Amino acid sequence: TLNVSDSSRFEANDSTDINTSDVDYRSHYIAFRTGSDVSTRQILFKEGGGTNGTAFFIESGILYIGVWISSAGSSTQRSWLSFSVSANTNYYAGYILDAPGDTFSASLNGTSDSRAALNGSDLLSHSGDINIGAVDTAIRLTDGSSSSITPVVPHTAEHVMYNAILDSSQQEMIEDYLACKWQISPPADCP
């Protein structure tokens, strides 16, 4: 479990698997626990900056999961999906990016699923940082503005990321794994 305080964050090195190569497909899941404050903006995960990237963040009792892409000669394309969250609660959330299929879908605790058109291209390569628990440079927000976010002690337990679209049985396997391991509405058949 990674517990992030107000003065720390986890930053990963640039990676061809995450940010320095174009991505057609991505499936990304996280397990996390909200703190007592779900009102103040707080980052769970961000890769990218003002131009291209993906993020999970909480603000005003809402978990936002999104992707933003700036294609040459066009404005930034954004797709954000949102889910209500409560204080002091365990969750797992995930998204699936299918750039060629022009879709971005997300879910929270496996029960909610939303779809939004991406209206863009692949998630293009970039040198924007990969952060858990804070942002050291910038993040693109739901309204298109770019901002830095001060962390407010989110607890991130685990990340599972594939540069592929998982089929429904694979999605269920990842969701069951996270639910069982982190005791998030676990299915009856947990080991």
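Predicted model: local features only at pLDDT ≥ 70, side-chain atom pairs only at ≥ 80, totals over all residues.
Helix α1 spans residues 168-181, 14 residues in total. From its first C-alpha to its last, α1 reaches 20 Å. That is close to the 20 Å expected at 1.5 Å a residue.

Now look at what α1 buries. Its buried residues are Ile174, Glu175, Leu178, Ala179 and Cys180. An α-helix has 3.6 residues a turn, so residues three or four places apart point the same way.

Beyond the helix, the backbone is worth a glance at Gln183. Gln183 follows α1 and has a positive phi, near 55°.

Next, the disulfide. The count comes to one disulfide. Cys180 and Cys190 form it, with their sulfur atoms 1.9 Å apart. Cys180 lies in helix α1 and Cys190 in the segment after α1, so the pair ties together parts that are 10 residues apart in sequence. The torsion about the S-S bond of Cys180 and Cys190 is about -85°, so this disulfide is left-handed.

How does each partner count by accessibility? Cys180 has 18% relative accessibility and therefore counts as buried, under the 20% cut-off. Cys190, at 22% relative accessibility, counts as partly exposed.

Technical notes: Residues numbered from 1 in each chain as written. Heavy atoms only, no water. Helix = DSSP H or I, 4+ residues; strand = E, 2+ residues; numbered from the N terminus. Expected span 1.5 Å × (residues − 1). Buried < 20%, exposed > 50% of the residue type's maximum accessible area, 1.4 Å probe, protein only. Disulfide = S-S within 2.5 Å.
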